[in-house]
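Have the viewer open as you read.

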Amino acid sequence: MPRPWLLPGLLALLTAAGLGLHAGIPATGFFALAGEPRSATRQGTVWTDSQILATGPGRVGPWRMNRSDWRYVDDPTVALGPDGDAIVAWVDQARKDILFQRVAMAGEGEPAEPVNISRSPEVFSWLPRLAVGPAGRRIYMLWQEIVFSGGTHGGEAFFARSEDGGATWSEPVNLSRTQAGAGKGRLTPERWHNGSLDLALGVKDGIYAAWTVYEGGLFVTRSTDGGRGFAEPRRVSGGDSEPARGPSLAVGPEGTVHLAWAVGEDPAGDLRYAVSTDRARSFKDPRTLFPSAGHADAPKLAVAGDGTVHLAYAQGPWGGRDYKIRYARSRGEANGFGASREIAARPGP
């Protein structure tokens, strides 16, 4: 699913991997961070010099499951701490692990050495999702590991937390515990994407994680104690005839959990949307959003402080490259979403 690579006026994360779900395409071997602007002019924002955090030779050998010889850096994700620090995670494919680093945006001193979060060098770990608590000391991470648990597809959703700003991390915990290939977002029986999972923080130490499996189900689990323990995953939707893919979670200031996802196996598949008002113990019946003749995919939700729900997603011809980015918002569940509008399209022929 598309990953934001620009936080306007604050932070840019640059990578040759581009946007989209992980399909085994290597980055050219580096990514960099550009800090907050030195000054703003009428001509635009002036940025500090970029800082290279990781490099790799960009090698990708034949796919041999966890024995594949891949040597590149990939899948960067970033969040901002309340002090302006950049909180960054990425994948080192040569090590098969997820690394974490905190970078002071003021440019003061050298950043600490990267911390290995996944610590599973025999298994590919990739596509991390970050969430940062209000004080910036508690940091949470969800990612996919290509664990083969006996099913036809490898994949499990793993979680770890830090309570000291990222200096140390808990042992990774397998949240999905399934043979169904967690983190797979099926488009067709022959085409699917990894990284079909999401993480969100709520009120009162609430943490929510969602993922889909190759067989099509969409699952959600919750923690009410800051990530020390999680409830048994609950199936919200999806199945073999209507596989869910690309879930997005967001939590409103009053605690309402919002969940959106796309549908595979349908050239005219539309987004689905459901809410929970009991901290993800249950969800109301899903609604179909913005019916159209095209295929809607890759939803991303965010909730503002006043409760307004913002939604961006891609829409285009089934299996093509000419997807457009559309946006809509809802000012409350009772009112539903207003009409969506196009905000970006692929340039040129």
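Four strands make up an open sheet here, ordered E19-E20-E21-E22 and paired antiparallel. Keep in mind that this is a predicted model. Elsewhere there are aromatic rings to look at, with 14 aromatic pairs in the structure.

**The open sheet**

- Strand E19 (197–201) and strand E22 (234–237) are the edges, and each has a single partner strand, so one side of each has no neighbour in the sheet.
- Going from one strand to the next, the twist averages 25°.
- Strand E20 (residues 207–212) and strand E21 (residues 218–223) run antiparallel and are joined by six bridges.

**Trp-63 and Phe-124**

- Among the 14 aromatic pairs is the one between Trp-63 and Phe-124: the ring centres are 6.1 Å apart and the planes are at 25°, so this pair counts as stacked.
- Trp-63 is in the loop between strand E7 (59–60) and strand E8 (70–71), while Phe-124 is in the loop between strand E12 (115–116) and strand E13 (125–132), so the pair ties together parts 61 residues apart in sequence.

**Tyr-140 and Phe-159**

- Tyr-140 and Phe-159 form a stacked aromatic pair, at 6.2 Å centre to centre with 15° between the planes.
- Tyr-140 belongs to strand E14 (residues 139–145) and Phe-159 to strand E15 (residues 156–162), so to speak of sequence, the pair links distant parts of the chain, 19 residues apart.
- Are these residues buried or exposed, Tyr-140 and Phe-159? Tyr-140 is buried, with a relative accessible area of 5%, and Phe-159 counts as buried too, at 1% relative accessibility.

**Charges over rings**

- Phe-124 turns up again here: the charged end of Lys-96 sits over its ring, 5.2 Å from the centre.
- Which residue lies over the face of Tyr-214? That's Arg-186, at 5.3 Å from the ring centre.

Key: Residues are numbered from 1 along each chain as its sequence is written. This is a predicted model: local features need pLDDT of at least 70, side-chain atom pairs count only at pLDDT 80 or more; totals for chains, interfaces and linings use all residues. Side-chain values use heavy atoms; hydrogens and water are left out. Rings of Phe, Tyr and Trp (its six-membered ring) pair if their centres lie within 6.5 Å; planes under 30 degrees apart count as stacked, over 60 as edge-to-face and the rest as tilted. Helices (H or I, at least four residues) and strands (E, at least two) are DSSP runs, numbered from the N terminus. Buried means under 20% relative accessible area, exposed over 50%, partly exposed in between (1.4 Å probe, protein chains only). A charge sits over a ring if NZ of Lys or CZ of Arg is within 6 Å of the ring centre and within 35 degrees of the ring normal. Two strands pair if DSSP finds at least two bridges between them. Axes are lines fitted to C-alpha atoms, for helices over the stretch in contact, and angles run from 0 to 180 degrees between N-to-C directions.
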